[in-house]
Amino acid sequence: MIEISHVDKWYSPTFQVLTDCTTSVAKGEVVVVCGPSGSGKSTLIKCVNALEPFQKGDISIDGIKVNDPKTDLPKLRSRVGMVFQHFELFPHLKIIDNLCLAQEKVLGRAHDKAVTKGMQLLERVGLKEHAQKFPAQLSGGQQQRVAIARALAMDPIAMLFDEPTSALDPEMISEVLDVMVDLAREGMTMMVVTHEMGFARKVANRVIFMDRGEIVEDAAKDDFFGKPRSDRAQKFLSKILSH
Amino acid sequence: MLGSFDFDVIRRALPYLFYEGMTFTLTLTALAALGGLVFGTALALMRLSGLKLLGRIAGLYVDFMRSLPLVLVIFWFYFLVPYIGQWLTGASRPISVGAFASSLITFIMFEAAYFSEIMRAGIQSISRGQPAAASALGLTYAQTMRYVVLPQAFRNMLPVLITQTIVLFQDTSLVYVLSITDFLGAASKVAQRDGRLVEMYLFAAVVYFTISCIASFGVRRLQARIAIIR
């Protein structure tokens with residue numbers, strides 16, 4: 001589904017952020033990307049739907065090359081859902097309108113159909129009664145669930161999560177992870193940048209460990225948590241699992 | 001001192017002052033603000049587009065307009081446009097442009113420079129995550145601007161935009177250099193005709209002051225009502 005091969009990205013000749021990154025996410029697979037901050041994991045996931053440009057290598061989604069200038073990027077992006085660290089709901093629109101905007105303007109759905117779809121998804125994430133509120137009236141966890149619903153409203157073929165729980169208060173993390181776990185169990189193709197190792201243990205098929213812009217380890221979940229091959233991954237794991 | 005005031009001069013001049021003068025002033029203010037906002041937003045988008053040439057052109061335009069006194073621009077524009085029109089169309093005589101059209105175009109061009117800086121600040125006040133989220137949903141650049149960035153930028157900047165419009169409302173009085181009958185022009189004409197300069201200019205000041213004050217007060221009320229909850 002998502003093929004990443006030999007991707008290099010640099011901001012200047014001396015400042016390389018991604019070095020020869022190669023991996024893939026198969027249909028229905030859940031891949032967790034972890035690593036210390038500054039390791040390039042957020043940058044990599046943003047390269048997948050071309051929110052960040054890269055200089056070398058190829059990324060393709062469902063057979064369509066992201067870095068081909070002829071690719072209709074808005075159309076490709078509309079098929080891949082993305083959830084951001086800071087939710088990025090549109091603050092000037094009501095919750096339901098947040099869910100309807102792209103359905104109507106990008107997919108061309110009629111307003112009442114978009115509303116029906118939006119309400120279904122709000123019900124699914126348990127926020128139906130908040131449809132007429134504005135984003136700022138909701139808690140962080142609720143906003144992130146709306147953001148997931150907004151991405152799902154586009155009927156995506158895959159979902160990208162960029163540290164979806166990093167900006168949340170601890171007591172709100174589980175309500176967001178619950179939604180993500182359900183989604184994974186339903187067979188959604190997911191690429192998730194996160195430090196939530198509990199989530200990785202529960203639903204991930206594979207875990208990718210990144211450090212200094214390189215993919216250091218790309219292993220099946222049990223192998224990764226059982227015995228990571230690289231020292232750096234071992235150190236990282238011992239640090240975040242010891243608490 | 002007030003004993004020698006002739007308030008009846010004002011009363012008698014009221015229909016003329018308001019029907020002709022104030023109507024002109026308000027029409028010019030509204031149209032110039034609207035045109036300036038549209039043109040100014042376009043300039044702001046050019047400057048932020050990332051295309052170097054477009055940005056440079058818009059930047060030069062803004063700097064140029066802001067470096068000239070408004071009254072000079074009004075004056076020059078009124079006398080130059082007929083000749084530029086003649087040169088552009090190849091007509092044998094200078095094209096006649098009415099004083100209203102000429103002053104309106106001048107104000108739109110001038111205000112666009114100021115509005116563009118306000119809108120630029122407004123657009124830059126939107127966090128980069130917002131356009132990223134809009135793009136990730138599949139919205140095109142134009143749709144992102146139209147549905148996500150500009151509505152927020154506009155709301156953030158509305159108090160400043162209206163304040164600038166209040167300044168514009170006062171600046172429209174500069175059309176007196178073209179002998180146009182705006183509110184101040186009308187007051188001035190009556191003042192000269194009846195020899196009642198003190199009364200008429202005092203009255204004009206009171207009217208400008210009152211309208212600007214009420215508008216400023218309205219801005220604060222409006223701001224509270226339409227601000228985006230954060």
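Visitor: How much area do chain B and chain A bury between them?

Guide: Happy to start there; buried area is the accessible area (1.4 Å probe) that two parts lose on being put together, summed over both. Of the area buried by chain B and chain A, 70% is on carbon and sulfur atoms. The total is about 1800 Å².

Visitor: What kind of model is this, and how are residues and chains labelled?

Guide: This is a predicted model, in which local features need pLDDT of at least 70, side-chain atom pairs count only at pLDDT 80 or more, and totals for chains, interfaces and linings use all residues. Side-chain values use heavy atoms, without hydrogens and water, while residues are numbered from 1 along each chain as its sequence is written and chains are lettered from A, with ligands numbered from 1, in the order in which they are written.

Visitor: Which helix of chain B gives the largest share of the side that touches chain A?

Guide: Contact here means heavy atoms within 4.5 Å, and 21 residues of chain B are in contact with 23 residues of chain A. Helices are DSSP runs of H or I with at least four residues, strands are runs of E with at least two, and both are numbered from the N terminus. Helix H5 (129–136) and helix H6 (141–171) of chain B each supply at least two residues of that side. The largest share, seven residues, comes from H5(B).

Visitor: How many residue pairs are in polar contact across the interface of chain B and chain A?

Guide: A polar contact is a pair of N or O atoms within 3.5 Å; within protein, one must be able to donate a hydrogen and the other to accept it, and residues adjacent in sequence count only if both atoms are side-chain atoms. A salt bridge is a side-chain nitrogen of Lys or Arg within 4 Å of a carboxyl oxygen of Asp or Glu, and the count between chain B and chain A is zero. For polar contacts, with both residues at pLDDT 80 or more, the rule finds five residue pairs.

Visitor: Which residue does Arg206(A) meet in a salt bridge?

Guide: Over all chains, the whole structure has 20 salt bridges. The one at Arg206(A) has an N to O distance of 3.1 Å. It links distant parts of the chain, 177 residues apart, from strand S9 of chain A to the loop between S2 and strand S3 (30–34) of chain A. The partner of Arg206(A) is Glu29(A).

Visitor: Which residue in the turn between S9(A) and S10(A) has a positive phi?

Guide: Strands S9 (206–211) and S10 (214–220) of chain A pair in the antiparallel sense over six bridges, where pairing requires that DSSP finds at least two bridges. Val207(A) stands opposite Ala219(A) in S10(A). The two strands form a hairpin with two residues between them, and the one with a positive phi, about 50 degrees, is Arg212(A).

Visitor: What is the strand order in the open sheet of four strands in chain A?

Guide: The edges are strand S2 (15–25) and strand S5 (64–65) of chain A, each pairing on one side only. S2(A) pairs with strand S1 (residues 2–12) of chain A in the antiparallel sense over seven bridges. The order is S2-S1-S4-S5.

Visitor: How many helices are there in chain B?

Guide: The UniProt record, an unreviewed entry, places "domain: ABC transmembrane type-1" at residues 22–219 of chain B; such annotations may be inferred rather than shown by experiment. Over residues 22–219 chain B is 82% helix and 0% strand. The chain as a whole has zero strands, and its helices number eight.
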